[in-house]
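Look over the model below before reading on.

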Amino acid sequence: MSVRDANPVDANHPKRVAIVIANPTISTTTGWPVGFWWSELTHPWFVFTERGYQVEIFSPDGGRCEADALSDPRDPSGYSETDIISLGFLSSPKLVALVENSRPVSGLAIDAFDAIVVAGGQAPMFTYEHATELQETFVAFHEAGKVAAALCHGTALLRYARRADGSLLAAGKTVTGFANVEEDFADEATWAMGALERGKHLMPWRIEDELKAIDANYIQAGLWRSFAVRDGNLITGQQNFSGAETARLVCEALGG
């Protein structure tokens with residue numbers, strides 16, 4: 001039986017999705033505060049809630065989470081000023097409170113949810129190696145036949161997530177995540193602004209390189225193109241423009 005067949009849409013019993021965002025930390029490469037990326041939370045949230053799904057927000061440690069500044073549509077840089085979905089989310093005190101009081105992954109009851117979606121941002125690259133409870137929870141969703149999804153730098157989790165037998169969950173799987181060409185673009189833009197010394201990198205390692213190194217079949221659609229891929233009940237999205245596409249594949253896997 002496929003995941004799709006096992007999860008038909010039922011208006012009387014709406015699907016439940018847990019979205020995990022990263023706790024804030026300090027980048028070891030730049031010294032800057034880093035966190036999650038707004039559109040990787042809000043765009044999937046919009047897709048899911050439009051379908052009547054119930055969504056809850058978790059983080060590895062729980063508590064207040066903070067986003068990367070450039071992902072905020074109100075940021076003076078104007079980098080994300082066209083992201084009206086995030087702007088709408090931010091205008092709701094009720095929704096913002098869910099980010100300021102995220103639930104810890106330790107309280108995520110797998111039986112109570114149909115899918116887990118791990119959002120990105122810069123913080124996962126520095127924190128998910130030690131987020132063992134999140135790693136175990138993500139694998140448990142997958143091994144239970146439920147949908148396990150990650151996008152952008154949230155796919156950093158796949159570098160560490162192992163099954164009970166010690167094998168890496170992503171090995172042999174077709175996956176995507178933040179591409180080298182996008183890391184190059186981000187580094188070059190930061191150098192050009194004088195915000196980072198030329199030759200240094202924003203990220204301590206690269207998603208594409210590491211997923212290939214663990215024998216995952218890494219694929220991508222090109223610079224800043226919305227893209228997501230499904231391999232069974234494992235779903236991955238390429239970057240911050242892929243939140244809605246990732247969510248749509250989750251919905252497809254859940255039956256609509």
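Which helix gives the most to the lining of the largest pocket? Helix 7 does, with 5 residues. Before the details, some ground rules. This is a predicted model, in which local features need pLDDT of at least 70 and side-chain atom pairs count only at pLDDT 80 or more, while totals for chains, interfaces and linings use all residues. Residues are numbered from 1 along each chain as its sequence is written, and side-chain values use heavy atoms, with hydrogens and water left out. Helices (H or I, at least four residues) and strands (E, at least two) are DSSP runs, numbered from the N terminus.

Start with the pockets. On a 1 Å grid over the protein atoms alone, a pocket is an open set of points where a 1.4 Å probe fits, with protein on both sides within 12 Å along at least five of seven lines; lining residues have an atom within 4 Å of a point. Volume is the space filled by probe spheres set on the points, which are joined across faces, edges and corners. The largest pocket has a volume of about 730 Å³. Its lining counts 31 residues, and Trp-37, Leu-70, Gln-122, Thr-190 and Leu-202 lie nearest the centre. Strand 3 (33–34) and helix 7 (180–192) are the elements that give two or more residues to this lining. By class, the lining has 19 nonpolar (Ala, Val, Leu, Ile, Met, Phe, Trp, Tyr, Cys, Pro), 4 charged (Asp, Glu, Lys, Arg) and 8 polar residues (the others, Gly among them).

The second largest pocket has a volume of about 230 Å³. Of its 14 lining residues, Ser-39, His-43, Asp-83, Asn-240 and Phe-241 are closest to the centre. Helix 2 (38–50) and helix 9 (243–253) each supply at least two lining residues. Helix 9 gives the most, with 3. Here the classes are 4 nonpolar, 8 polar and 2 charged.

Now the interior. A nonpolar core is a set of buried Ala, Val, Leu, Ile, Met, Phe, Trp, Tyr and Cys residues joined through side-chain atoms within 4.5 Å. Buried means under 20% relative accessible area, exposed over 50%, partly exposed in between (1.4 Å probe, protein chains only). The largest nonpolar core has 45 residues, and Phe-138 and Leu-211 are among those with the most contacts inside it. Elements that each supply at least two residues include strand 6 (115–118), helix 6 (132–143) and strand 7 (147–151). Helix 6 gives the most to this core, with 4 residues. Beyond its neighbours within four places in sequence, Phe-138 is in contact (heavy atoms within 4.5 Å) with residues including Ile-116, Val-118, Leu-169 and Leu-234. A second, separate core has 33 residues, including Trp-38 and Val-99.

How many disulfides does the structure hold? There are 0 (a disulfide is a pair of cysteine sulfur atoms within 2.5 Å). Cys-251 is in no disulfide either; the nearest cysteine sulfur, that of Cys-152, is 20 Å away. Cys-152 is buried at 3% relative accessible area, and Cys-251 is buried at 2%.

Thr-155 sits in the loop between strand 7 and strand 8 (174–175). Thr-155 is buried, at 0% relative accessible area. Among its contacts outside four places in sequence are Phe-178, Leu-211 and Gly-237. Ala-109 lies in the loop between strand 5 (103–104) and strand 6. Ala-109 is partly exposed, at 41%.
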